[in-house]
Amino acid sequence: MPENRNGSSAFAAEIIRKIMNKRGIIGAEAQEEFLAPNPRLAYDPFLLRNMEAGVDLLLHAISEQKHIVIYGDYDCDGVTATALLMKVLRTVTDKVSYYIPSRMEEGYGLHCDAIDAIKDGGGEVIVTVDCGSVSAKEAEYAASLGIEMVITDHHEVRDVVAPGIVINPKVPGDTYPFCGLAGVGVAYKLALALSKRMDIPRSVITEVLELVAVGTIGDIMPLLDENRSLVKYGLRLMRGGCCNRGLKTLLRMTETPCEELLAEDISFQIVPRINAAGRLGDASLGVKALLAETQEEADYYCRRLMEINEKRREMQQEAYQRLFAAAKEEAEFGDFLLVEAKDEHEGILGIVAGKLKEHFRRPVAIVTENEGHLKGTSRSIDGLDIFKLLNAHRDMFSAFGGHAKACGFTMEPEDLEELRFSLNEEVALLEEEDPTIFDKKYKYDMELLPADVTPEFVKALRVLEPCGEKNERPVALFRAVHLENWSFLGSGTSYARFRIEKNGSGIDGILFQDALEVHGLFEKGLPVDVYGKMSINRWNGRERLQLEVRDVIPAKTEEA
């Protein structure tokens, strides 16, 4: 640790340098770009394979007044990408509309029935966003109907690639310098490429960066490289008052001040409300909110998003409480928790699986019956690749996809017990190979004393923003401190507030998980190690330092 502490600027600068080195941002040039308020890192959209062909097709479609349909997805990434291309294309044609499939009735991706509906509605060109890369059968079907297609996507591509124009940095053979773009990021690149060939107002290309920021944060994409540039500029626009009427209204309704907006504010306040509509029914509500042209429209659609999200939260909490007992029983059988949900809403089960995964620190899959089949959603812990685990049983699934931390699948009910038995056997073998696989890992970026935490120090760390995936808000370790002034928040024992003290100095802490367990450590009065993220809480015009506590464990004297 640097000797000059007490929250000084030199101390903060040294901490920031060490954090960047630890995260692989090494060298003066890379660190300067990482911290720059006006980042320069951005790539020519025509470096994406098939971008030239995609732009040419759209230029021809626009000149011929063909009806273009944006085919989106029902999550925040797909919704923002759909709204982005609608906003851009509306400046050059009035023959553009959008289609978003229903999560419950259609599911993710391209569908032949949807293509039929688009054809019947006069659609002549389909531009997909956030989906379509592996939809070979559907792309061929569209072509057979005379529909032209440009696929923009960012998902993994393995065995099959759809025929035709596919713009996706993850397609084999693509040499685009950055593979971490969200679906909305790829859609933005298409819009940017179009603007180089058409008279699209520069103000529109700039304003839609707000949508790029929201979608990129919402899809939990790495906030590094080009994403960092895109999100920085998007957040700056939003801090200046927000160009997008729908986003501005959501921020007002959630009482989120624009002036010092952080990526985390987007994650907690905006993204869940856009996602909620797709989870419980009609994702087009999110698109309508983001395309609102009058304040009356924005108020109406944003109020609906607020109401739906509140309903989603209630349903999610009730489902979690009901499925917790089932997960506990599964934990007695083995370390892969395959939980059957009888009457739960399919749209919220992914969130519930994630919460169960966090509590039990085990991979979790929740299955629910759907028209005689079982639809499953799964989540996994760090270090256990659930895609690899489930992919070994792909012959049991009629539909399957995902990545290392989350997967979805469809299967027949009669295969469920065999799958449960096999997965638990395989996870047991993984634990034999690595007995620490389920142990909680306590990670931190810096070790501090309570006296180090000053408003100036915490504000200095904001240069690391935007923080999120692959660039988390820094975690501090306070070693061998004492907990004082304990109080549970509300009527229960889930949340708590307390003081973290050492050597006569302290910082307020707030805890939103395992509060009853931590209270047991408080009552013993022994020193503890506390891990958390520092923030400045603002209320009634006053600022107060606080630590958002992640973990509290009995104090260790050895280095972590």
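Student: Which way do β6 and β7 run, and how many bridges join them?

Tutor: In this predicted model, β6 and β7 run parallel, with 5 bridges joining them.

Student: Is β6 buried or exposed?

Tutor: Strand β6 is mostly covered, with 4 of its 5 residues buried.

Student: Which strand order does the sheet around β6 have?

Tutor: The order is β6-β7-β8-β10-β9, in an open sheet of 5 strands with mixed pairing. β6 (337-341) and β9 (397-402) are the edges; each has a single partner strand, so one side of each has no neighbour in the sheet. From one strand to the next, the twist averages 15 degrees.

Student: In which sense do β7 and β8 pair?

Tutor: The sense is antiparallel. β7 (residues 364-370) and β8 (residues 373-379) pair over 7 bridges. Val367 has Gly376 in β8 as its bridge partner.

Student: Which helices pack on these strands?

Tutor: Take two. Helix α14 (residues 295-333) lies across β6 and β7, and runs at about 145 degrees to β6. Helix α15 (residues 349-360) packs on the sheet and touches β6, β7 and β8. The direction of α15 makes about 150 degrees with that of β7.

Student: How should I picture side chains along a strand?

Tutor: In a regular strand, side chains alternate between the two faces of the sheet.

Student: What is the order of the sheet that contains β1, and how is it paired?

Tutor: That open sheet has 5 strands in the order β2-β1-β3-β4-β5, and the pairing is parallel. Its edge strands are β2 (96-99) and β5 (165-167), each pairing on one side only. Here the twist averages 20 degrees from one strand to the next.

Student: How many bridges join β4 to β5?

Tutor: There are 3, and the two strands run parallel; β4 covers residues 148-152. Look for Val150, whose bridge partner in β5 is Ile165.

Student: Which way do β12 and β13 run?

Tutor: They run antiparallel. 5 bridges join β12 (residues 476-488) to β13 (residues 496-502). On this side of β13, Glu501 is the bridge partner of His482.

Student: Now helices. At what angle do α9 and α12 pack?

Tutor: An angle compares the directions of two axes. For α9 (residues 209-218) and α12 (residues 263-280), that angle is about 85 degrees, and the axes are 9 Å apart. Angles of 65 to 115 degrees count as roughly perpendicular. The two helices, α9 and α12, are therefore roughly perpendicular to each other.

Student: Which residues of α9 and α12 meet?

Tutor: From α9 come Val214, Ile217 and Gly218. They meet Ala263, Ile266, Ser267, Ile270, Val271 and Ile274 in α12. By type, the contact holds 7 nonpolar residues, 2 polar and no charged.

Student: How many residues of α9 are buried?

Tutor: 10 of its 10. The buried residues include Glu210 and Thr216. Just after α9, Ile220 takes a positive phi of about 55 degrees.

Student: Which residues touch the most other members of the largest nonpolar core?

Tutor: Ile68 and Leu84, in a core of 80 residues. Leaving out residues up to four places away in sequence, Leu84 touches Val184, Ala187, Tyr188, Ala191, Val208, Leu211 and Val212. A second, separate core has 37 residues, among them Met20, Leu461, Val518 and Met534.

Student: Where does Gly78 lie?

Tutor: In helix α4 (residues 76-89). Buried means under 20% relative accessible area. Gly78 has 0%, so it is buried. Beyond its neighbours within four places in sequence, Gly78 is in contact with Asp73, Val129 and Asp130.

Student: How many residues separate Gly78 and Val184 in sequence?

Tutor: They are 106 residues apart in sequence. In space, the C-alpha to C-alpha separation is 6.8 Å.

Terms used:
Residues are numbered from 1 along each chain as its sequence is written. This is a predicted model: local features need pLDDT of at least 70, side-chain atom pairs count only at pLDDT 80 or more; totals for chains, interfaces and linings use all residues. Side-chain values use heavy atoms; hydrogens and water are left out. A nonpolar core is a set of buried Ala, Val, Leu, Ile, Met, Phe, Trp, Tyr and Cys residues joined through side-chain atoms within 4.5 Å. Buried means under 20% relative accessible area, exposed over 50%, partly exposed in between (1.4 Å probe, protein chains only). Contact means heavy atoms within 4.5 Å. Axes are lines fitted to C-alpha atoms, for helices over the stretch in contact, and angles run from 0 to 180 degrees between N-to-C directions. Angles under 35 degrees count as roughly parallel, over 145 as roughly antiparallel, 65 to 115 as roughly perpendicular and the rest as oblique. Ala, Val, Leu, Ile, Met, Phe, Trp, Tyr, Cys and Pro count as nonpolar, Asp, Glu, Lys and Arg as charged, and the others, Gly among them, as polar. Two strands pair if DSSP finds at least two bridges between them.
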